[in-house]
Amino acid sequence: MLLRQILGFLKRNCAGLVDSNALLRLYCSLVRSHLCYCSQVWAPQSVINQLILVEQVQRRATRFIIGRDRDLCYKDRLIKLNLLPLNYWLEYLDLVFFYKSLKGDVIFARHFDEYFFFVRGRTRRAISELYLKTNRTRTSHFRDFFFNRITILWDSIPDGIKLGTSLDSFKRKLKSFFFWRLYYVFGGANFR
């Protein structure tokens, strides 16, 4: 409700006064920051109904920001505005938080070894020591918990991204990977 009010405020007060770049910055700072705040904990990407509601806000916002090219599909609007879909953006934030924890930049890193285990052994995946061991879960609620969700995300990204030497290079490579997925994999109707 609050996000719709903020978006409505932007439509009423800024529509004809500022250009699309300024509207995009306002959207990212006022609306998307609320949608993604602490997403590692509340994980809207794990429940499809929540993800649909959250993604509808961004669909509406991109239509408003583009303005006269409203006939573009959602994917084309995202490409034109250089935005990621929210489900990709939430995965990006999860992976960045995990990378910070892995490198010890987050206080959470003290208990890091208690929750995550890298695969060890003689297989090709285990030799690289870049893949996490997936925990077995009995319920879908526990499967969507951050510690289990991140293992699937981390194992799905290419090894070249995992070997990033600094946080900036990791973010840059990860963002280009998600934009590649936007161009070649993303369909406007699928949210996963």
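**View 1. Leu174 and its contacts.** Leu174 touches Tyr92, Leu95, Val96, Ile157 and Ile161, leaving out residues up to four places away in sequence. Contact here means heavy atoms within 4.5 Å. The model is predicted: local features need pLDDT of at least 70, side-chain atom pairs count only at pLDDT 80 or more, and totals for chains, interfaces and linings use all residues. Residues are numbered from 1 along each chain as its sequence is written, and side-chain values use heavy atoms, with hydrogens and water left out.

**View 2. The whole chain.** The chain holds 12 helices and 0 strands. Helices (H or I, at least four residues) and strands (E, at least two) are DSSP runs, numbered from the N terminus. Of the 192 residues in the chain, 43% are buried. Buried means under 20% relative accessible area, exposed means over 50%, and partly exposed lies in between (1.4 Å probe, protein chains only). Among contacts with a separation of 6 or more, 61% join residues 24 or more positions apart.

**View 3. The largest nonpolar core.** This core has 46 residues. A nonpolar core is a set of buried Ala, Val, Leu, Ile, Met, Phe, Trp, Tyr and Cys residues joined through side-chain atoms within 4.5 Å. Val31, Leu35, Leu95, Trp154, Ile157, Phe170 and Leu174 touch the most other members. Two or more residues come from each of helix H1 (2–14), helix H2 (20–36), H4, H5, H6, H10 and helix H12 (167–184). Which element gives the most to this core? H6 does, with 9 residues.

**View 4. Helix H4 against helix H6.** Helix H4 (residues 48–66) and helix H6 (residues 86–103) pack at an angle of about 110°, and their axes are 9 Å apart. Axes are lines fitted to C-alpha atoms, for helices over the stretch in contact, and angles run from 0 to 180 degrees between N-to-C directions. H4 is therefore roughly perpendicular to H6. Angles under 35 degrees count as roughly parallel, over 145 as roughly antiparallel, 65 to 115 as roughly perpendicular and the rest as oblique. H4 brings Leu51, Val54, Glu55 and Gln58 to the contact, and H6 brings Leu86, Asn87 and Leu90. By class, the residues of the contact of H4 with H6 are 4 nonpolar, 2 polar and 1 charged. Ala, Val, Leu, Ile, Met, Phe, Trp, Tyr, Cys and Pro count as nonpolar, Asp, Glu, Lys and Arg as charged, and the others, Gly among them, as polar.

**View 5. Helix H6 against helix H10.** H6 and helix H10 (residues 146–156) pack at an angle of about 100°, with axes 10 Å apart. That angle makes H6 roughly perpendicular to H10. From H6 come Glu91, Asp94, Leu95, Phe97, Phe98, Tyr99 and Leu102; they meet Phe146, Arg149, Ile150, Leu153 and Trp154 in H10. The contact of H6 with H10 has 9 nonpolar, no polar and 3 charged residues. H10 is mostly covered, with 9 of its 11 residues buried. Among these buried residues are Phe147, Asn148 and Asp155.

View 6. Asp94 is found in helix H6. Is Asp94 buried or exposed? Asp94 counts as buried, because its relative accessibility is 0%. Its side chain makes a polar contact with the side chain of Arg149 (3.1 Å). A polar contact is a pair of N or O atoms within 3.5 Å; within protein, one must be able to donate a hydrogen and the other to accept it, and residues adjacent in sequence count only if both atoms are side-chain atoms. Arg149 is itself buried in H10.

View 7. Tyr99, in helix H6, is buried, with a relative accessible area of 1%. Tyr99 and Trp154 are 55 residues apart in sequence and 9.3 Å apart in space, C-alpha to C-alpha. Leaving aside neighbours within four places in sequence, Tyr99 is in contact with Trp154, Lys162, Gly164, Thr165, Ser166, Leu167 and Phe170. Leu130 sits in the loop between helix H8 (124–128) and helix H9 (140–143). Leu130 is buried, at 12% relative accessible area. The C-alpha atoms of Leu130 and Trp154 are separated by 8.7 Å.

**View 8. Lys175 on helix H12.** Lys175 lies in helix H12 and counts as partly exposed, at 33% relative accessibility. Lys175 touches Trp89 and Tyr92, not counting residues up to four places away in sequence. The C-alpha atoms of Lys175 and Tyr92 are separated by 7.3 Å, and the two residues are 83 apart along the chain.
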